[in-house]
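Welcome, and thanks for taking a look at this one.

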Amino acid sequence: MAMLLNSARLAMKGVYSPISAVAVEEVSRIMSPWIIRDSLLSSREMPTNHTFSRSAHSDTGMHSTTVLAVRKNNEVVIMADGMCSRGSEIVKPNVKKLRRIQDGQVIGGFAGSTADGFALFEMLEAKMEAHPGQLTRSAVELAKSWRSDKYLRQLDAVLVVADAETTLTITGNGDVLEPHDNIVGIGSGGSYATAAARALIDIDGMSAMDIVKKAMRIAADTCIYTNHNFTVETIPADLKKDFVVVDENSAS
């Protein structure tokens, strides 16, 4: 019986002998199919090079944040929740993820690592000082530095920034994206907030603030990594830029 079982095991591994077919048939007749299955499977070697993804079950990733930006009737509003979590643990429920820079002319929020987000905002502010009033150019310069520098590439965050005229998303992949519908959502609940805002944007009588509040409530009720501790920054429609854009290539 032991010889028959061993021949059956070898046959399952693709190693055949003259008695393999007879062995499998005889063992199948004598033993229950479930016992054969368990016996043969237990004899197989488990692969040593596992390809299971650790990221799906890792407790080290930060899954916090929903940030939503909506522009309507020349008013732009950015709102973020306060959730900061590590795995299944809530680290802090009231993190402030929004910043106002360039003397209040530019507002923004981040999703990802808190330290990395603030570091990127400081870099953006430095770019804005070099190019006053030019948010798009400053964002492009930041994205270029972020992507090309081997140290900056380690920063794990996504930015949403806006001034009185433009809303942009900036990523570490070199992307500087302007939304086609004046709605941007990032973070773990960003897709829920974006979908809700798009459903509300055409409703008459709803301001950008009304849309952001309603959409963020929906996202907080849907995403487990988003809470109801909201912070908001806004640029009103009557805010005008005080900066004069100077062409650096022109003669002084």
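In this predicted model, Cys84 is buried, at a relative accessible area of 7%. Cys223 counts as buried too, with 7% relative accessibility. Here are the two side by side:

| Residue | Relative accessible area |
|---|---|
| Cys84 | 7% |
| Cys223 | 7% |

How many disulfides does a search of the whole structure find? The search returns zero. For reference, a disulfide is a covalent bond that links the sulfur atoms of two cysteines.

Now to helix α7, which runs over residues 208–222. Helix α7 has 15 residues and spans 21 Å from first C-alpha to last, close to the 21 Å expected at 1.5 Å a residue. Its buried residues are Ala208, Met209, Ile211, Val212, Ala215, Met216, Ala219 and Ala220. Because these cover an arc of only 155° around the axis, they sit on the same side of α7. And what do the buried residues of α7 pack against? Their partners are β1 (66–72), β2 (75–80), α6 (190–200) and β11 (231–235).

On to the cores. The largest nonpolar core has 19 residues, and Leu120, Leu159, Val161 and Ile170 have the most contacts inside it. Two or more residues each come from β6 (106–112), α4 (114–130), α5 (135–148), β7 (157–162) and β8 (167–170); α5 gives the most, with five residues. Leaving aside residues up to four places away in sequence, Leu120 touches Leu142, Trp146, Leu155, Ala157 and Leu159. Apart from this core lies another, of 18 residues, including Ala197, Met206, Ala208 and Val212. Two of those names, Ala208 and Val212, are also among the buried residues of α7.

Methods. Residues are numbered from 1 along each chain as its sequence is written. This is a predicted model: local features need pLDDT of at least 70, side-chain atom pairs count only at pLDDT 80 or more; totals for chains, interfaces and linings use all residues. Side-chain values use heavy atoms; hydrogens and water are left out. Helices (H or I, at least four residues) and strands (E, at least two) are DSSP runs, numbered from the N terminus. The expected span of a helix is 1.5 Å times one less than its number of residues. Buried means under 20% relative accessible area, exposed over 50%, partly exposed in between (1.4 Å probe, protein chains only). The arc is that of the directions from the helix axis to the C-beta atoms. Contact means heavy atoms within 4.5 Å. A disulfide is a pair of cysteine sulfur atoms within 2.5 Å. A nonpolar core is a set of buried Ala, Val, Leu, Ile, Met, Phe, Trp, Tyr and Cys residues joined through side-chain atoms within 4.5 Å.
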